[in-house]
Amino acid sequence: MSRPLHRCIPSGGRLSGNIQDFLEDSQMKFKQEKEDLDKNRLSPDLISSWNQFQSIFTINSPSKQSVINSPSKQSVPEKCFTVHDTLSPVSSRKRYKLTLLLLKISLFVIVILALTGSLWWTISLTTASRSHTFRGYRRLQEQLVSDLWDIGELSLGSSRLKESEFCSLESEDYIPCFNVTENLELGFTEGQEQDRHCGPTSKQNCLVPAPPAYKIPHRWPTGRDVIWIDNVKINAQEVLSSGSLTKRMMLLDEDQISFSFSSSMVDDSIEDYSHQIAEMIGLRNESYLVQAGVRTVLDIGCGFGSLGAHFFQKQLLTMCIANYESSGSQVEITLERGLPAMVASFAAKKLPFPSLSFDMVHSAWDGIAWNHKDGIHLIEVDRVLRPGGYFVWTSPIANTRASLHNKDNLKTWDFVRNFAKNLCWDLLSQQDKTVVWKKPSNKDCYASRSLGSGPSVCKVGHDVESPYYHPLEACIGGTHSRRWIPIEKRPKWPSRATLSPKELAVHGALFDDLVEDDLNWKSAVRNYWSLLSPLIFSDHPKRPGVEDPVPPYNMVRNVLDMNAHFGGFNSALLEAGKSVWVMNVVPTSGPNHLPLILDRGFLGVLHDWCEAFPTYPRTYDLVHAEGLLSLETAKQRRCSILDVFFEIDRLLRPEGWVILRDATSLIETARTMAGRLKWEARVVEIESNSDEKLLVCQKPYIKRRSYPS
């Protein structure tokens with residue numbers, strides 16, 4: 001049965017003559033329609049459709065009352081008008097035909113507009129410059145993405161626009177994708193439970209809390225040797241109850257842990273140990289490692305970063321990797337010291353570095369079973385090691401005299417020694433518990449081996465430079481790469497940072513492009529520092545009474561560059577004399593420039609920003625991203641930009657800084673997200689490029705009392 005619909009108009013509104021005539025007309029026809037409906041009984045489907053139609057108007061009614069079901073004779077307020085709708089079969093068929101006609105007319109108009117637009121586009125290409133057209137088209141694309149994002153946010157209601165909540169306290173030191181308990185439940189065993197497994201449950205759309213007594217880290221160089229004990233997942237009792245080796249390495253002083261270079265994980269001091277390594281290679285001391293072609297070092301099972309801290313003063317960059325640990329982590333403490341480190345497992349997957357990435361691989365007291373799985377872990381060491389590079393291994397197993405009294409150790413030592421020979425490594429020296437091998441500088445050895453004497457050389461299709469957590473392979477990689485250049489033939493640091501035209505040709509890049517990129521970043525770094533200096537060095541309202549640091553103290557110790565391109569930001573920081581290291585991240589969604597970055601003597605890693613970065617919370621002092629928002633929104637991603645912002649917040653230290661450079665429309669959207677994450681944000685104009693803006697943010701330090709109990 002037909003029922004009247006009450007629709008309200010704004011206060012003071014007045015019905016037009018046409019509407020009034022329509023109402024009178026409708027009332028006169030109502031009785032006839034009712035008779036038609038009685039004769040033509042409504043089908044169940046039609047009744048269901050009518051009820052759904054009614055419910056829509058009920059929800060959208062300003063008064064939010066069920067006015068649809070009111071009787072037709074009920075009085076209507078003065079500010080409302082009543083529309084009688086009919087659903088007779090005859091009128092439905094007419095409406096259906098009318099709808100089809102309107103659709104056909106609409107499609108015809110759309111086709112005409114599309115043809116007209118195409119013709120206009122063709123004409124504009126011939127009359128305007130190509131660069132101007134592309135820039136306008138790109139701006140329209142970015143505006144469309146921004147508008148769609150805003151529409152999506154608004155469609156979710158006001159609940160999505162409020163400030164984000166804090167995570168539970170259990171996530172204080174948790175790294176998504178490294179849930180050992182969950183991995184065991186999923187059936188991962190034999191070390192694979194330590195591997196990285198990212199699933200739907202690994203996303204954390206909340207703000208990770210800091211420890212209750214968290215303190216802002218000391219600036220370098222003090223912060224490299226002294227950390228606050230409350231900032232890491234280890235307490236004084238664990239330090240005091242640990243073994244003698246750890247006691248010699250860490251000195252507990254009230255609420256701080258002091259790291260002394262006169263102690264280390266090895267028996268001798270760190271200076272003596274690094275001096276010993278240099279002598280075993282044939283050098284006078286560790287200061288000559290740079291002259292021997294060594295710039296980047298991969299330290300497996302790095303203790304607490306003592307070797308890397310010492311090497312840093314010798315212009316050597318050491319990347320510490322170790323398994324995820326829920327407490328007392330090697331990687332967490334190394335990062336707290338401001339040194340390069342990331343979580344990585346050596347169990348079943350390749351490291352996220354291309355072949356031929358490091359000049360030296362070091363492993364001391366690592367606990368890795370090098371003789372398991374037919375030496376596949378030694379093959380992975382060989383893959384990431386550059387030609388002419390060194391593998392330094394310190395272990396009680398390498399002590400031949402001691403191993404004579406332990407058959408298992410002797411068996412393991414014999415396997416490692418023979419397998420290294422089959423990899424064509426040259427045993428340079430062996431002293432007590434330390435052994436140094438050198439990878440061959442040429443490939444002749446691989447062909448001269450007897451059949452079946454060692455792992456085969458990987459085929460071209462398997463030797464990839466984007467091994468983003470691929471399974472380990474039992475073949476020798478990197479031999480087909482055009483980057484096979486012995487370290488002794490590469491330019492010495494710091495000349496290596498500027499690759500020659502011949503070296504750039506290997507990466508498919510032009511020398512002029514790299515020079516222009518470096519010049520642009522030098523200007524950008526000057527602007528960044530002039531922008532941040534007054535903010536960082538001023539008497540900060542959250543830290544009253546703290547004196548301004550003086551040189552050589554740095555404003556920041558480490559930087560995460562989320563879209564590193566050619567590594568120009570890293571190069572400009574070094575050119576400006578900033579004693580800071582940069583984690584250059586190459587997104588898997590863009591072109592892979594990581595081999596070029598590593599060949600320049602920088603550190604870097606491949607990463608998918610829809611997944612959690614393999615590091616602990618509160619890792620970086622400064623997060624930088626140029627063009628990342630444009631890159632991520634241009635792809636059909638399985639995550640949103642908001643997910644990426646939550647990940648940035650997890651990685652950033654309290655009072656840390658974020659600098660985003662991107663298209664204006666995306667920066668405006670990012671500023672809204674920054675407010676949701678409780679960041680202090682402001683947009684800065686870029687004079688040289690009106691199409692882009694900067695977003696400068698600071699993450700506040702919020703005390704635990706603000707977190708949910």
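The accessible surface of the protein comes to about 34700 Å², with 55% belonging to carbon and sulfur atoms (Shrake-Rupley method, 1.4 Å probe). The model is predicted, so local features need pLDDT of at least 70 and side-chain atom pairs count only at pLDDT 80 or more, while totals for chains, interfaces and linings use all residues. Residues are numbered from 1 along each chain as its sequence is written, and side-chain values use heavy atoms, leaving out hydrogens and water.

Of the 709 residues, 49% count as buried (under 20% relative accessible area, 1.4 Å probe, protein chains only). The secondary structure comprises 22 helices and 19 strands, taken as DSSP runs (H or I, at least four residues, for helices; E, at least two, for strands) numbered from the N terminus.

The structure holds 22 aromatic pairs (ring centres within 6.5 Å; planes under 30 degrees apart are stacked, over 60 edge-to-face, the rest tilted; for Trp the six-membered ring is used). Trp521 and Phe569 form a tilted pair, 5.6 Å centre to centre with 45° between the planes. Trp521 lies in helix H17 (residues 511-537) and Phe569 in helix H18 (residues 568-575), so this pair ties together parts 48 residues apart in sequence. Phe569 is buried at a relative accessible area of 1%, and its ring also meets that of Tyr528 edge-to-face, with centres 5.9 Å apart and planes at 75°.

Elsewhere, Gln330 is located in helix H11 (residues 330-336). Leaving aside residues up to four places away in sequence, Gln330 touches Gly301, Cys302, Gly303, Phe304, Ala322 and Glu325 (heavy atoms within 4.5 Å).

Conventions. Buried means under 20% relative accessible area, exposed over 50%, partly exposed in between (1.4 Å probe, protein chains only).
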